[in-house]
Amino acid sequence: MLAVYKKELRGAFTSMFGYLFLTFLLALVGFYVYTFNLKLEYASIAYAINSVTMFFLLLVPMLTMRILSEEKKQKTDQLLFTSPVSVTRIVIGKYLALVSILLIAMLIISVYPHILARYGTVNMKVAYSNIAAFFLLGCAYLAIGLFVSALTESQIVAAILTFIVILFTLLADALKGMIPSDHAISVLVLAVLVFILAGIAFLMMKNWFVFGGLLVVGYAVLFGLYFWKETLYDGFLTKMLGWISLISRFDKFKYGLFDVAAYVYYLSIVFLFVFLTVQAIKKRRWS
């Protein structure tokens, strides 16, 4: 695992993607710190960090698009599959390399509250709880990008799909007030979601039987519950969008609130998508 970690970390900076990620991220944070904290004289760094979260939309695909898709395209993943190192260790090594690049930026950003403290009063506990939440949010997005990269051999496709997924998580909270909450619309959207999930399973397993089986079971459960008690789906879409809105949980830190549940949520996202990545690669390994 350590060898994979070193290889990926070295590769990120050899290919310039690591430098570009750090440059853009730190430049954005620096710009907003200057705007909110120095120019507008806000005491909290949370406003600056909160403004940068939307740029994960561009930064994360840039960093993750090649992490597994390039191996798949160049067939070098076959060497990894035949190595004595387990798939889980390989995936964790690659993921930790991505997290390490983000951590470098976080260590630099962690100096900002002390710089700001020279010009006024800064609540250090609030500042560092914001920075920790920002780090975990980035880790969650990196895990999503890692999983998407495992599904395709095209870096461009991986980047576009990661962009779309992150965009959806950013817009999920806003969509809650735009989508009707009645049960009919909820069932229709869930039917589309079942199809998409079955499609993802097909990409992972390349098995039409699994695809068809998931559709049949998914639709049977979905419409069976609908005909049994249609009111179960009232407001379900709103709740679902709330579940997948990563950014809404980060907003609480902007107001100085400490939310342990948000930390747990981000860590759960990390474990979920790292696990899915491992399963996707294991399936390809034995295919």
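**Stop 1: the salt-bridge network**

Select Lys7, Glu8, Arg66 and Lys94, which are linked in a network of salt bridges. The model is predicted, and side-chain atom pairs count only at pLDDT 80 or more. The count of salt bridges comes to three.

Centre the view on Glu8, which is buried, with a relative accessible area of 3%. Then visit its partners in turn.

- Lys7: the closest N and O atoms of the salt bridge between Lys7 and Glu8 are 3.4 Å apart. Lys7 is partly exposed, its relative accessible area being 45%.
- Arg66: this residue forms a salt bridge with Glu8 in which the closest N and O atoms are 3.7 Å apart. Arg66 lies in the loop between α4 and α5 (69-73) and Glu8 in helix α1 (residues 2-14), so the pair ties together parts that are 58 residues apart in sequence. Both Arg66 and Glu8 are buried.
- Lys94: the side chains of Lys94 and Glu8 meet in a salt bridge of 2.5 Å, N to O. Because Lys94 belongs to helix α7 (residues 87-109) and Glu8 to helix α1, this pair ties together parts that are 86 residues apart in sequence. Lys94 counts as buried, at 1% relative accessibility.

**Stop 2: the aromatic cluster**

Next, select Phe31, Tyr32, Phe36, Tyr42, Tyr47 and Phe55; ring pairs link these residues into a cluster. A search of the whole structure finds 12 aromatic pairs. One of them joins Tyr32 and Phe55, with 6.5 Å centre to centre and 40° between the planes. How is this pair of Tyr32 and Phe55 classed? The pair is tilted; planes under 30 degrees apart would count as stacked and those over 60 as edge-to-face.

Tyr32 lies in helix α2 (residues 17-39), whereas Phe55 lies in the loop between α3 (46-52) and α4 (56-64), so the pair ties together parts that are 23 residues apart in sequence. Tyr32 is buried, with a relative accessible area of 17%, while Phe55 counts as partly exposed at 23% relative accessibility. The two residues fall into separate classes because buried means under 20% relative accessible area.

**Stop 3: a charge over a ring**

Finally, select Arg249 and Tyr265. The charged end of Arg249 sits over the ring of Tyr265, at 3.7 Å from the ring centre.

Key:
Residues numbered from 1 in each chain as written. Predicted model: local features only at pLDDT ≥ 70, side-chain atom pairs only at ≥ 80, totals over all residues. Heavy atoms only, no water. Phe/Tyr/Trp six-rings, centres within 6.5 Å; stacked < 30°, edge-to-face > 60°. Helix = DSSP H or I, 4+ residues; strand = E, 2+ residues; numbered from the N terminus. Buried < 20%, exposed > 50% of the residue type's maximum accessible area, 1.4 Å probe, protein only. Lys NZ or Arg CZ within 6 Å of the ring centre and 35° of its normal. Salt bridge = Lys/Arg side-chain N within 4 Å of Asp/Glu carboxyl O.
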